[in-house]
Amino acid sequence: MTPSDVKATLSFSDGSPTMDLPIYKGSIGPDVIDIRKLYAQTGKFTYDPGFLSTASCNSTITYIDGDKGELLYRGYPIEQLAENCDYLETCYLLLKGELPNATQKTDFTKLVTNHTMVNEQMQFFLRGFRRDAHPMAIMTGLVGALSAFYHDSTDIHNAEHRDISAIRLIAKMPTLVAMAYKYTIGQPYIYPKNDLTYAGNFMRMMFATPCEDYQPNDVLVRAMDRIFILHADHEQNASTSTVRLCGSSGTNPFAAIAAGVACLWGPAHGGANEAALNMLEDVRKMGGVEKIGEFIKQVKDKNSNVKLMGFGHRVYKNYDPRAKLMRETCHEVLDALGLHDDPIFKLAMALEKIALEDEYFVSRKLYPNVDFYSGIVQRAIGIPVSLFTAIFALARTVGWIAQLNEMIGDPEYKIGRPRQLFNGATARDVMPIARR
Ligand code: CMC
């Protein structure tokens, strides 16, 4: 970390001694004030629920400028990666810090491809679930269960174990998501086919049956690959911070990633793509474009608890760059499938237009996020709504692993242990039950 010449001085109105706090500069982005010695020197904690002003780690992986609407993976703009690279190149970049050359790409692709099958026992594990289980409930279980199958890659402090578990997780996530889907619809599992691309193989495992093979359509495969790239990492969001916190106890990588899957499920995070599409369906049922005004009124009413799903972001206070790319992909996919007049897409565009002009959204800097359009693309591809978040988890797995490995390799890493401002009862005596 690069120290700044400037220091922050903390003073107290009660005359307690002041404290100088070092400031560190990043390569870009806000400086940070180092408060690590604050408690030891002042006996006080900082208070920051939701981490609005707290950098929990230092990282070299992903940078977001929320005001500009910029997203960089290892310095490369997301737009350039989405145009010029595929998902496995992006995985290599996130894990190793540089884009692969042609040989490295071939070797990495081969390595991942060699691990696409899951242990046959996994099928029996799946059978324990009800057929109507939510795919994210299944995924949380299956990813956690991987640690019971691969005992040779569970030591988070062993670099070789971390490398092999990373490849296994990236390779097996598409297989597990497709298995979760096939299980819920009662179809036989389709084994991976290693001469297909990462995205093509996933789509085949999803849509082929033993009686009818699936011919991947290039536009749809490219769209799926783009969804993977756009969701691959997003710095210290809730699920990534969960993975880091979980991994900080030294638990195995599969367990830490399972914690990330569980966190991602929530509707304020990865579950938003499912919630956004459900919301569009609800507005369509209310009467579609005609009823947008009425719907927006509900969104603005604080007592209604209705949110415009797919809008707003903790970090982006501008158009989410991923949403722009996803909107473009949405056009390509709907054109390729001859669905230009898709009512949900039309509704989304009309809703976006109104929200971008409405004072409520403008003054709060609420713009569409990636989830506003990704659901429409996935639905057009034929993916059921309940599987959207599982696909997000599949794509984000590489980001979680890169962040976990970065944390373990950081000499300053410690088990995560936040503190609290306690406002509960002070010490008191237990009364015998007859006197309570
Ligand atoms: N619809 C209506 N009002 C909103 C929305 C929304 N989607 N998002 C924020 N607001 C309002 C909020 O009520 C508050 O208003 P006020 O100042 O009058 O109280 C103001 O905007 C600031 O919101 P906030 O809740 O303080 O913002 P936050 O940074 O804590 O929340 C968020 C960010 C993403 C949780 C929130 O915008 C939201 O719930 N959006 C809908 C869910 C969604 O699309 N999530 C996907 C995020 S992108 C995918 C990912 O990376 O996981």
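At what angle do helix α10 and helix α11 pack, and how far apart are their axes? In this predicted model, α10 (residues 238-247) and α11 (residues 253-264) come together at about 150°, and their axes lie 8 Å apart. Angles over 145 degrees count as roughly antiparallel, so that is the label for α10 and α11. As for handedness, the crossing of the pair is right-handed.

Looking at who touches whom, α10 brings Ala238, Ser239, Thr242, Val243, Cys246 and Gly247 to the contact. On the α11 side, these meet Ala255, Ala256, Ile257, Ala259, Gly260, Cys263 and Leu264. Sorted by type, the residues of the contact between α10 and α11 come out as 9 nonpolar and 4 polar, with no charged ones.

Next, the strands. An open sheet is built from 3 strands in the order β1-β2-β3, and the pairing is antiparallel. β1 (2-10) and β3 (32-33) sit at the edges, each pairing on one side only. Between β1 and β2 (residues 19-25), the antiparallel pairing runs over 6 bridges.

Finally, a single residue in another helix. Thr90 belongs to helix α3 (residues 87-96). Is Thr90 buried or exposed? Its relative accessible area is 1%, so Thr90 counts as buried, the cut-off for that being under 20%. Setting aside neighbours within four places in sequence, Thr90 has contacts with Tyr73, Cys85, Ile229 and Ala232.

Definitions and conventions
Residues numbered from 1 in each chain as written. Predicted model: local features only at pLDDT ≥ 70, side-chain atom pairs only at ≥ 80, totals over all residues. Heavy atoms only, no water. Axes fitted to C-alpha atoms, helices over the stretch in contact; angles between N-to-C directions. Helix = DSSP H or I, 4+ residues; strand = E, 2+ residues; numbered from the N terminus. Parallel < 35°, antiparallel > 145°, perpendicular 65-115°, else oblique. Left-handed = near helix turned anticlockwise from the far one by under 90°. Contact = heavy atoms within 4.5 Å. Nonpolar A, V, L, I, M, F, W, Y, C, P; charged D, E, K, R; others polar. Pairing = 2+ DSSP bridges. Buried < 20%, exposed > 50% of the residue type's maximum accessible area, 1.4 Å probe, protein only.
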